[in-house]
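Subject: Structure handover

Hello,

Here is the structure I promised to send. Please open it and keep it beside this email as you read.

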Amino acid sequence: MELSQATLLRNTLRSHNVIMAYNGVVSDDLMVSLAGLLKTRLLANKDAKRSKLIFAVFMEGVQNLIWHGEKQEENYGMILITEINDEVVIMCGNRVSREKTHDLRERLNQIKGADKETIRQLYREGMSQASDHEGPGSGLGLLEIARRSSHPISYSFEDVDSENVDFILSATI
Amino acid sequence: MNIHLDATDRTPKISLITDPLTLTIAGESFPEDVSSFYGQIITTLSSLSSTVKGPLTFELEMIYINSSSIKAFYRIFECLEDYRKAGNIVNVIWKASDDDDIMQELGEDFKDRFQDLLFSIIQEG
């Protein structure tokens, strides 16, 4: 990268008030380090209730990347946090195989259109099914993110090639 | 049967003592491997009514629980529900800081799922 490009990148980060940006492999160790950094930063925040919401959304978003990243060894993971006018936006992205997007889209669609009470009900139902859920997750992560966000979640799927799709989930607190 | 695990940055303190019968879980829960971290306590609790009897108090004072740990907590509550069904009293005391909406709501969610346990949610300043 040329210095001039770095300047452009820096200016973009500044103009969007980016407080954390990461691109690369998302590992458990990375999550623990970033969680520590974010906690230190949030401790300076006077609104403890909100800080807890921000931390919870961050953790679930990053854990989703760790558990569902299609190509863990490659640098497809993205974590982006911006803070403008007391609104924190947390975006988590990764590359997923096209065949897995069908279920994900359906689930996101259901959550996106649901009000808080419905999300809570889905969460409670999900708790009882969590122990049957395959893999390290519980199936509750997306509901947790939606539940703690102050606005409905948004997301994008961008085709990469015939097999892969780049996915980004965005939550505002 | 006694169990004692100290808290770490990402795992809670867990203690199970027999006199009086008390299970305590306190701290943060986002272990790298949820099933191996909670394995021992769940195994012990799942055969509890064949080892001991009498009232049990379950005290929780959690700061953060990730969604995959919810699986383990749910299993623990199921074990305690079995212990209750075996004819024992189970008291759940869920403590949450009064500036922590998440832990208060999660306490209510567990209370809703396990309505036969004596479940109190306590807000602390």
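Below is what was found in it.

This is a predicted model, in which local features need pLDDT of at least 70, side-chain atom pairs count only at pLDDT 80 or more, and totals for chains, interfaces and linings use all residues. Residues are numbered from 1 along each chain as its sequence is written, chains are lettered from A and ligands numbered from 1 in the order in which they are written, and side-chain values use heavy atoms, with hydrogens and water left out.

The interface comes first. In chain A, 33 residues are in contact with 24 residues of chain B (contact means heavy atoms within 4.5 Å). The two chains bury about 2500 Å² between them, 52% of it on carbon and sulfur atoms. Buried area is the accessible area (1.4 Å probe) that two parts lose on being put together, summed over both. On the chain A side, A:Lys52, A:Arg124 and A:Met127 lose the most area to chain B, together 24% of what that side buries.

Now the charges. The rule finds 11 salt bridges across the interface of chain A and chain B. A salt bridge is a side-chain nitrogen of Lys or Arg within 4 Å of a carboxyl oxygen of Asp or Glu. B:Asp101 and A:Lys49 meet in a salt bridge through their side chains, at 3.2 Å, N to O.

Last, A:Leu13. This residue lies in helix α1 (residues 3-15) of chain A (helices are DSSP runs of H or I, at least four residues, numbered from the N terminus). A:Leu13 counts as partly exposed because its relative accessibility is 32% (partly exposed lies between buried, under 20%, and exposed, over 50%, with a 1.4 Å probe and protein chains only).

Best wishes

Key:
Helix = DSSP H or I, 4+ residues; strand = E, 2+ residues; numbered from the N terminus.
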